[in-house]
Amino acid sequence: MEPASVENLCVLYHSADYLVLNKHWDIRIDSKLWSETHTVQKQLMYRFPQLADPQTHYGFRFCHQLDFSTSGVLCVALNKAAAGRAYRCFKDRTVTKAYLALVRGTVADSRMTLDAAIGKNTTEGKTHMMCVEGTEGCENPKPSQTLLTVLEYGSYDGEPVTKVLLQPLTGRTHQLRVHCSSVGHSIVGDFTYSLGTDNAPYRMMLHAYFLRIPLQHEVIEVTTSDPFVIELDPKWSPETRVQNLESLMTEIILRTKAEERQRQEENLAHEEEKKRRRRKSVEESEEERAQCQQWLSEWTLSD
């Protein structure tokens with residue numbers, strides 16, 4: 001439970017083009033406020049000043065976002081080209097992400113698909129929040145989907161909670177927090193989406209556990225340690241295991257790799273079809289040219 005500082009940056013992966021960090025909870029990625037002394041950007045500047053890019057405002061290119069309160073895997077591109085390659089993977093939704101969370105109450109279904117559309121909350125006093133479609137003041141809701149798998153039932157500080165694995169299939173702002181709250185199981189310590197009532201825990205119990213970015217020449221796959229264990233937080237008391245985390249992640253990774261192979265095969269087939277059509281077009285053009293020459297020859301002879 002060591003608080004964030006400029007010095008305690010945890011690096012999980014480092015290559016010529018990317019850094020993957022284990023972000024601390026309650027620390028912003030970057031900030032324009034001079035008073036914000038602890039940010040991931042400042043941690044990076046302290047640890048890797050030689051890697052900072054003066055052409056960017058913050059010195060580093062963050063490939064995706066994590067909320068201030070969320071800990072876990074965060075990918076940083078070290079140059080513009082690398083950022084572009086990662087961006088395409090996120091845009092094409094080929095990135096696989098998995099989060100661990102403790103949520104309030106006992107989740108009845110061991111597996112759930114949460115698919116309520118998410119939009120901006122325009123209600124006075126809640127404009128910093130998102131909300132699900134149908135909520136009063138919900139503006140421009142967009143399709144959103146999260147897979148929830150129950151790992152364990154237990155209690156936190158004497159109150160019933162469920163440990164879950166969350167897989168966001170879309171990337172809406174506050175998606176996991178909004179989806180969990182919308183089904184009556186807000187994330188433990190989520191002050192915002194509990195409307196200020198869940199303020200006793202030392203942090204919000206949401207952690208980016210796994211990230212896989214299938215770049216063409218460098219597949220990034222990083223798993224962090226599980227922060228929600230009794231050795232690190234004795235207030236969490238697991239009671240009934242439903243699904244083994246390691247087995248579940250093996251299943252997810254194998255399925256992800258199979259989907260990637262299928263996409264590669266489909267892309268290859270698509271490229272082959274494009275080549276075949278180009279060859280056919282060239283052959284047809286040559287045939288048409290030969291036919292035209294024959295007609296011209298016959299026309300000349302007839303004269």
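On a 1 Å grid over the protein atoms alone, a pocket is an open set of points with protein on both sides within 12 Å along at least five of seven lines, whereas a cavity is a set where a 1.4 Å probe fits but cannot get out. Lining residues have an atom within 4 Å of a point. Grid points are joined across faces, edges and corners, and a volume is the space filled by probe spheres set on the points. The structure is a predicted model, in which local features need pLDDT of at least 70 and side-chain atom pairs count only at pLDDT 80 or more, while totals for chains, interfaces and linings use all residues. Residues are numbered from 1 along each chain as its sequence is written, and side-chain values use heavy atoms, with hydrogens and water left out.

The chain is divided into domain 1 (1–92) and domain 2 (94–213 + 220–278). These bounds come from an automatic or database domain assignment. The domain centres, taken over C-alpha atoms, are separated by 21 Å. In domain 1, 20 residues are in contact with 22 residues of domain 2; contact means heavy atoms within 4.5 Å. Between them the two domains bury about 1,800 Å². Of this area, 69% is on carbon and sulfur atoms. Buried area is the accessible area (1.4 Å probe) that two parts lose on being put together, summed over both. The rule finds 1 salt bridge across the interface of the two domains. A salt bridge is a side-chain nitrogen of Lys or Arg within 4 Å of a carboxyl oxygen of Asp or Glu. Asp67 forms a salt bridge with Arg177, and their closest N and O atoms are 3.0 Å apart.

The largest pocket holds about 1,100 Å³ of space. Its lining has 35 residues. Nearest its centre lie Phe90, Lys97, Pro168, Thr170 and Gly171. Domain 1 and domain 2 both give residues to this lining, so the largest pocket lies between them. Helix H2 (80–91), strand S5 (96–104), strand S11 (159–168), helix H3 (175–182) and helix H4 (245–302) each supply at least two of the lining residues. Helices (H or I, at least four residues) and strands (E, at least two) are DSSP runs, numbered from the N terminus. H4 gives the most, with 5 residues. By class, the lining of the largest pocket has 14 nonpolar, 12 polar and 9 charged residues. Ala, Val, Leu, Ile, Met, Phe, Trp, Tyr, Cys and Pro count as nonpolar, Asp, Glu, Lys and Arg as charged, and the others, Gly among them, as polar.

The second largest pocket has a volume of about 560 Å³. It is lined by 14 residues. Cys89, Pro214, Leu215, Gln216 and Asn267 lie nearest its centre. Domain 1 and domain 2 each provide at least three residues of this lining. H2 and H4 each supply at least two. The largest share, 4 residues, comes from H4. The lining of the second largest pocket divides into 4 nonpolar, 5 polar and 5 charged residues.

The structure also holds 1 cavity of 30 Å³ or more. About 30 Å³ of space lies in the largest cavity. His64, Val73, Lys97, Ala98, Tyr99, Ala208, Phe210 and Leu211 line it. S5 and strand S12 (206–214) are the elements that give two or more residues to this lining. By class, 6 of the lining residues are nonpolar, 1 is polar and 1 is charged.
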